[in-house]
2 protein chains.
Amino acid sequence: MQKELDFYLQHRKKLIAMHYVNFVIGWDMQTDAAENSILANSEQAAVISEMSYNLTTDPEYERSVGVLFKHRDELDEVLRHEIEVVYKDIQDTKKIPLDEYMAYSELTSQAYPIYVRAKNENNFELFRPYLEKIVEFCRKQTVWLQTSKVKGYDVLLDMYEPHYNQKKYDQFFKVLRKKLVPFVKRKTKKPVKVPKWATQTFEKEKQREFCEYIRDVMCFDKSRGIMKESEHPFTSGFGTDDVRITTHYYEDHLEYAIFSAIHEGGHATYEQQCDKSLNGTFSGGGASLGLHESQSRFYENIIGRSRAFWEVHYPKLQEIFAPKLNKVSLDQFVKYINRAEASFVRTEADELTYPLHIMLRYEIEQKVIAGELEVKDLPKYWNEKFTEYFGITPPTDTLGVLQDVHWAYGNFGYFPTYALGSAIAAQLYHHMNKDFDVEESLKEGTTKKINEWLRERVHKYGASKYPDEILRLATGEDFNPNYYVDYLIKKYSKK
Amino acid sequence: MQKELDFYLQHRKKLIAMHYVNFVIGWDMQTDAAENSILANSEQAAVISEMSYNLTTDPEYERSVGVLFKHRDELDEVLRHEIEVVYKDIQDTKKIPLDEYMAYSELTSQAYPIYVRAKNENNFELFRPYLEKIVEFCRKQTVWLQTSKVKGYDVLLDMYEPHYNQKKYDQFFKVLRKKLVPFVKRKTKKPVKVPKWATQTFEKEKQREFCEYIRDVMCFDKSRGIMKESEHPFTSGFGTDDVRITTHYYEDHLEYAIFSAIHEGGHATYEQQCDKSLNGTFSGGGASLGLHESQSRFYENIIGRSRAFWEVHYPKLQEIFAPKLNKVSLDQFVKYINRAEASFVRTEADELTYPLHIMLRYEIEQKVIAGELEVKDLPKYWNEKFTEYFGITPPTDTLGVLQDVHWAYGNFGYFPTYALGSAIAAQLYHHMNKDFDVEESLKEGTTKKINEWLRERVHKYGASKYPDEILRLATGEDFNPNYYVDYLIKKYSKK
C-alpha cells in the first residue's frame, strides 16, 4: 500500500501541474489574449486536455487509486476524502470518450471569444451554433455519467454542488417562491428614482484607488495575488499563494466596481485562508461553488451593504471623490446601495431580486437539459419567462439571454449554486452573530475578526470535506433557507 | 517512413502544446503573477519542464526523428531543416541529466522575482546565491553539450545564434573596436545637456495613446496580439496569431516608451509576418535571436530615429501632448532622440554607444563561463570594466551589474546577438535601399512597404532556415559588419 501511495503522490504532482497550466491559460484567455489568438490556439487547448485526460485515466494511476480507495479507512481524514473524490472523478472521466472530451475542450475554448462578440454585438445567432454543440455535449454528459441514483440534470447539479439535486433545489426555491416572491413584488412595485449624485462621472483611476483600499480593508494579501481588470469580474486561484481577482470599472456606475471588488474579495479570502497544508493536493481551494458563493455574497451583501460597514468607510469614499459626494449623507448612500427594483442583469441585481434571476435560469436549464427547450428558442423563452417574473422585458439579448458567460463554458448546473450561496451566507451570519457582534467588529476598520471566524469554521478545510459537512460543522445544523428569507424580509422591511 | 512521419507529426502536437504552455506561463510570470505566487509555484515549473523533457526524450519519438533524419533528403525543405534542428535538440537534451534539468527550471523560475527585488533594492547579495547556481549550471552545460567542434562558451553562443562562436564574434567586435570605439570616444567627449522641454511630465495615458498610434503606423494586427505594460519591455509570440508586446511608461522620460514600443513592434512584425503554414511546427517564429534583434533595431533606430519618420509623425506627438511640444521644432526633437553620450543602462543607451554595452557583457561572460571570474566578484569587475569603456562609474549595482534580466533566466550567450542584430539591420538597410527609397516610403504614413520587403526577404521564412542562410538570401552576401560601422559613422558625423 505504501508503494501505491508513493505512486499516487508522485502522479498527483503531474495532475496538479496540469491544474496550474489550466489556471494560467484560463486567466490569460479571460484577461489578455486577443480574440483571434484564442481561436488560433484552441487546438492547443484540445491537446492539453488530452494530456490531462491521459494523466487522469492512466491505468497505473487508476490502479493505485483503486487500492487506496479499498483501504481508505487506513488513510488520514484529508487523504481519505481526496481519494473518494478522485476515485469518482476517474470513473466519471473514463465514461467520457476521449475524442468527445478533446473536441469539447476545443469547442469551449473557441466559444468564449465568440460569446463575447455576440454579447457585445447583441447577436445571439453568432453564438447559437456554439451553444447548440455545448448543450448537445451536456445532454450526452448526463447519459454518460448517470448512475442508479443520479440522472439527467441532477448529474450536472452534482458536479457543481455535491449532494445537491433537483429535489433539494426545488424545495429551496419553493420556500423562496412562497415567502419571498410576494414580498419582492410588493417592494419593487414603485420604480426607484436614481438620485442625481449617482449619475455623475466617477473617474476610473479613483475607483481603482478605492477598490485597492477595500482590498486592504478585507486584508487581501497582495504578495500572494493580484487585482486586475477584465470584462467580467471573477476570481481565480491556485492554492493559497496565487489568488487573483478582477473587476471592471464603469465611470457612470460607481457601485459596480466597488461591490464586485468586495464580492471577488470574498472569494479571494476563502482561497487565501485555506489551510496551507492543502496546497499541492486536490483538497485545496473551495469545497464547492455554493460554499464559495456563500463567502462572496456574505462579504458583498451582508457586510458590504451594511450601514455599519459604510459608517467606517464612507468618509474614505467621499475623500477620494471629493467634492462629488460631499453633500450625499451616509444614509442617502446606504439607502441607494440597498435599493430594490426589477432589473435585467443578474450581476447588477440587488440583493432582494437576485434569487429570482437564479430561479429563472434554473428553470430554463432544467428544460434545456431535459430536451424540452432548444437553443434556438432560448431568446424568446428567456424574455417571456423574464417578463413573467419581473414584469419587464429585456430590450436586447445582450441584456437577456446573452448576459452570462457560464453557458459559453458549458457550465450548465452552475447557476443554482449562486442562490444557494446567498442562503448559506445568511445562515453563517446568524451563527457568527452568536459568537460576536459582527457589525460592532467592523469598527476596527477591517474585516479581520470576520475573516478569522470564517477561516476557523469554513475556509481552513478547503475542499477536504463535502460542503454540506462543513456547513454542519460551522453552524451545527443542515442547510436551512429560512435564515435567508428572514434576513431579507427583515432588512427590506426596515426601509 | 510514412509511419514514422505520422508518429512525428502526432507527437509534435504535444511538444507544440508544451511550447504554448511555457509561452503563456512565461507571459504570466512577467506581467501578472505576484512575487510570492511565482515562488510558491516554482514546483509546478519543475514538473512542467519534466513533462517537456520526457516528451522530447521519448524513445519512440527519438526513433522516429532518427529515421526521418536518416532519410532527410526525401523530405521537403522546411521539414528537412526542422528534422535537423530537432535531431540535434534531442541529442542535446538527453545529455542533460533530468534531475539537473528540473532543478534548473525550478531555480530560474525562483530567480526571476528575486532578481527583480534585488534590482529594485540595489542588493546584489540577495541575487548572488541564485546567480551562482545559474552560472554553475551554465558551466556544466558547456561540458554536457560540447562536441569535437564546439566547446566552452561557444556551446552557449551557438544555442542563441547557430553557427556563431567566439571566433566570429571576436572578429566582429574587433572591427567595432578598431573603427567605432575611437569615433564614439570623440563624439561623447562633451556631456549632452538635456533640453528643458524634455524634462516635462508626459502623462502616461497620453504616452499610451501615442504608442497605440505607433502600433498602427507599424501595421501591428491587434486582432492577433496585444500590447501591455511590464517592468521590462519584451515581445513574446506563439505562432503568427498570438504576438504580444509590452512597454513601460516613465512620465519623466517620454522617449523610453516610444522607442521600446517601436523596438518591440519590430520583433512583433517579424513574428506576425512569418508564413502561416509554419504555425504548429518548430519552424515558426524568428530564425535566431540575432536576426530577431536585427528587426527590432532596424525599426527602432534606422527607421524610428530617422528624420524622415518624424517628419510624418512628429505632428501627432505634438498634438497629443499639446501644448508641451509646441515650441520644440522637428529638428530639435530629432537631434535630441539621436544624441550620443556615455550612459549606464543598456536598454536606454543611444544607438552609437549601444554596442559598447554589449562588448562589455560579452567579455564578462567569456570570463565567467571560462571560470576566470566568479559571481561574487561581478559587481566590482563590472564597474571597473565599465569605467574603462565609458569613462563613468555606475553609482549603484541597479545601474550596473543588476540592470539586465538575462542572467536571471540563465541566458548566458544571449547578449552578443544584440550587437549582431544591430549590424545585420544596417546590412539589410543597405540592400533595401537598392530596391526602393526607404525614407521616401515613410511618407505613406505607415511602414507597410518596409514590412513587405522584410516579409519577402526575411520574415516569411520563420525559423525554417538558419539565420546566416536567410541573410545570404536577403542580401546576397554573408554577414558584413562594415555596413553597420559605416552607417553609424555617417549618421553621427552629420551632426
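Reader: How many residues of chain A are in contact with chain B?

Author: This is a predicted model, where local features need pLDDT of at least 70, side-chain atom pairs count only at pLDDT 80 or more, and totals for chains, interfaces and linings use all residues. Residues are numbered from 1 along each chain as written, chains are lettered from A in the order written, and side-chain values use heavy atoms, with hydrogens and water left out. Taking contact as heavy atoms within 4.5 Å, chain B puts in 37 residues, and the number from chain A is 37.

Reader: What area is buried between the two chains?

Author: Buried area here is the accessible area (1.4 Å probe) that two parts lose on being put together, summed over both. Carbon and sulfur atoms give 60% of a total of about 2,900 Å². On the chain A side, 18% of what is buried there comes from the three residues that lose the most, A:Tyr20, A:Asp32 and A:Gln44.

Reader: Which residue of chain B forms a salt bridge with A:Arg244?

Author: A salt bridge needs a side-chain nitrogen of Lys or Arg within 4 Å of a carboxyl oxygen of Asp or Glu. Between chain A and chain B the count is four. For A:Arg244 the closest N and O atoms are 2.6 Å apart, and the partner is B:Asp28.

Reader: At what angle do the axes of H15 and H17 of chain B cross?

Author: Axes are lines fitted to C-alpha atoms, for helices over the stretch in contact, with angles from 0 to 180 degrees between N-to-C directions. H15 (residues 354-369) and H17 (residues 416-435) of chain B have axes that come within 8 Å, and the crossing angle is roughly 145°.

Reader: Why are A:Arg208 and A:Glu205 about one helical turn apart, and what is the N to O distance in their salt bridge?

Author: Both sit in helix H10 (residues 204-217) of chain A, and they are about one turn apart because they are three residues apart there.

Definitions and conventions. Helix = DSSP H or I, 4+ residues; strand = E, 2+ residues; numbered from the N terminus.
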